[in-house]
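Reader: I would like to learn how to read the ligand surroundings and the domain layout of a model like this one. Please take me through it step by step.

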Amino acid sequence: MKKIAILGSTGSIGTQTLEVVRENRDIEVTALAAGSNIDLLEKQIREFSPCLAAVWEEEKAAELKSRVRDLDTKVVSGMDGLIQVSTEEKADILVTAIVGMIGIRPTMEAIRAGKDIALANKETLVTAGHLIMPLAKERGVSILPVDSEHSAIFQSLQGGQERSLKKILLTASGGPFRGRKREELKDVQVEDALKHPNWEMGRKITIDSSTMVNKGLEVIEAKWLFGVDVDQIQVVVQPQSVVHSMVEYEDGAVIAQLGTPDMKLPIQYALYYPRRRYLPGERLDFWSIGKLDFERPDTDTFQALELAYRAGRAGGSLPTVFNAANEMAVAKFLDRKIRYLEITDLIGECMERHVNIPSPSLDEILDTEAGVYEYINSRLGRR
Ligand SMILES: NC(=O)C1=CN([C@@H]2O[C@H](COP(=O)(O)OP(=O)(O)OC[C@H]3O[C@@H](n4cnc5c(N)ncnc54)[C@H](OP(=O)(O)O)[C@@H]3O)[C@@H](O)[C@H]2O)C=CC1
Ligand SMILES: CC(=O)[C@@H](O)[C@H](O)COP(=O)(O)O
Ligand SMILES: [Mn+2]
């Protein structure tokens, strides 16, 4: 019996992970954590009987505790609760399906406790990759990619050919605004940006896909997962999201992983690696697909992609600035406090004024995050 804990069980990746669990009878869920959706978390507790559940908000945790008092599930809250879930002693694998760099501490504690990580939470690796990758190596734990592109790269690298890897071809859908010019994006509304052409995902990552910040985060995520320079990573727009990513080897051979846009495949692959298992769902039908398109990304319009390369090349605390500015800007955009193009503008502005810390400690990363939030709040006044 495989045993897993999930951070962010009520979200898009969290619920799809539980679907994978439902379809396979040999995974036990030992711990679950969510932010505030206690209605869904209660249902999950009743179905999967974890011994531990965490809710970020203390009041909601108290309410959930009272609702599940007929069960043996212990309910905890706050950062301490997240860490208890991530280090729950019976679990072998932690699925990090929480959104944002709030995942750093629980992920690091899980690694210290010897858990393998099925990593969806890219913000953690983007901001703390220089701490996480060596820690994982030291503790002998695996970081298994869940992000579809990184899973595709990982799958394309099977066979132990990593040493002959020349280049990563990271595919991007181009988002809902592919083909538009920057000028045409000034009046974009929340509803427009939430219409991803191919994937159903949480709100924050959906906005990130529309600005191509998501692809920028993924470039830095790939740098850490596969030990390459960001300049060995080329973003290729593949509007159908059928080619999930590719690798080019020294001899010019390109190996790709293709599939329907369904996150259950990378989730299941991470949970059972190196085994492949039957997964119900649609299969690719190349006769009806007909053709696949490939394009160069428009970095004049999607300036965040260049900013991410700059942050990834510089390293240190600059990726934290890129990520933290985006996290706050997206929250404000979703709250209708700022305009769409201000997301990218704020990221650029925060990066411009930052004095880079070459190899920041966890405290320095969190201080950098706090500094970015403080700057954006003061810069926007009461907005
Ligand atoms: N969705 C996708 O297809 C993909 C997602 N990813 C990455 O996976 C991560 C999750 O994305 P996604 O599932 O779309 O996001 P969602 O917004 O759908 O879900 C986020 C989850 O995190 C929980 N959460 C948020 N804040 C806290 C907190 N403070 N404490 C505890 N739990 C918290 C939410 O709980 P609640 O709802 O209860 O508040 C929810 O369960 C992101 O990093 C994203 O970039 C990567 C590739 C694909
Ligand atoms: C499903 C997944 O992995 C997302 O990160 C997806 O790739 C977003 O699509 P784009 O960022 O390419 O639009
Ligand atoms: Mn992705």
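Author: Start with composition. This is a predicted model, and in it the shell around ligand 2 consists of 3 nonpolar, 5 polar and 3 charged residues.

Reader: Which residues are around ligand 2?

Author: The shell is made of Asp147, Ser148, Glu149, Ala172, Ser173, Gly175, Trp199, Ser209, Asn214, Lys215 and Met263. At least two of the shell residues come from helix H7 (148–156), and at least two from helix H10 (213–226).

Reader: Where does UniProt place the feature "binding site"?

Author: An unreviewed UniProt entry puts that feature at Lys122, Ser148, Glu149, Ser173, His196, Ser209, Asn214, Lys215 and Glu218.

Reader: Is Lys122 buried or exposed?

Author: Burial is read from a count of C-beta atoms within 10 Å, with 20 or more meaning buried. Lys122 is buried because 29 other C-beta atoms lie within 10 Å. Lys122 belongs to helix H6 (residues 122–139). Once residues up to four places away in sequence are set aside, Lys122 touches Asp147, Leu217, Glu218 and Glu221.

Reader: How many residues surround ligand 1?

Author: Ligand 1 is surrounded by 31 residues, and the closest are Gly8, Gly11, Gly35, Asn37 and Gly202. Helix H1 (12–23), strand S2 (27–34), H6 and helix H9 (203–211) are the elements that give two or more residues to this shell. By class, the shell around ligand 1 divides into 14 nonpolar, 12 polar and 5 charged residues.

Reader: From which domains does the shell around ligand 1 draw at least three residues each?

Author: Those are domain 1 (2–145) and domain 2 (150–314). The protein's division also includes domain 3 (315–383).

Reader: How are domain 1 and domain 2 placed, and how many residues are in contact?

Author: Look at the centres, then at the contacts. The C-alpha centres of domain 1 and domain 2 are 25 Å apart, and 24 residues of domain 1 are in contact with 22 residues of domain 2. On the domain 1 side, strand S1 (2–7), H1, H6 and strand S7 (143–145) each supply at least two residues. H1 gives the largest share of that side, 7 residues. That side of domain 1 has 13 nonpolar, 6 polar and 5 charged residues.

Methods
Residues are numbered from 1 along each chain as its sequence is written. Chains are lettered from A and ligands numbered from 1 in the order in which they are written. This is a predicted model: local features need pLDDT of at least 70, side-chain atom pairs count only at pLDDT 80 or more; totals for chains, interfaces and linings use all residues. A residue is near a molecule or strand if its C-beta atom, placed from the backbone, lies within 6 Å of it. Helices (H or I, at least four residues) and strands (E, at least two) are DSSP runs, numbered from the N terminus. Ala, Val, Leu, Ile, Met, Phe, Trp, Tyr, Cys and Pro count as nonpolar, Asp, Glu, Lys and Arg as charged, and the others, Gly among them, as polar. UniProt positions are given in the numbering used here, feature names are shortened, and annotations may be inferred rather than shown by experiment. A residue is buried if 20 or more other C-beta atoms lie within 10 Å of its own, exposed if 12 or fewer, and partly exposed in between; C-beta atoms are placed from the backbone. Two residues are in contact if their C-beta atoms, placed from the backbone, lie within 7 Å. Domain bounds come from an automatic or database domain assignment.
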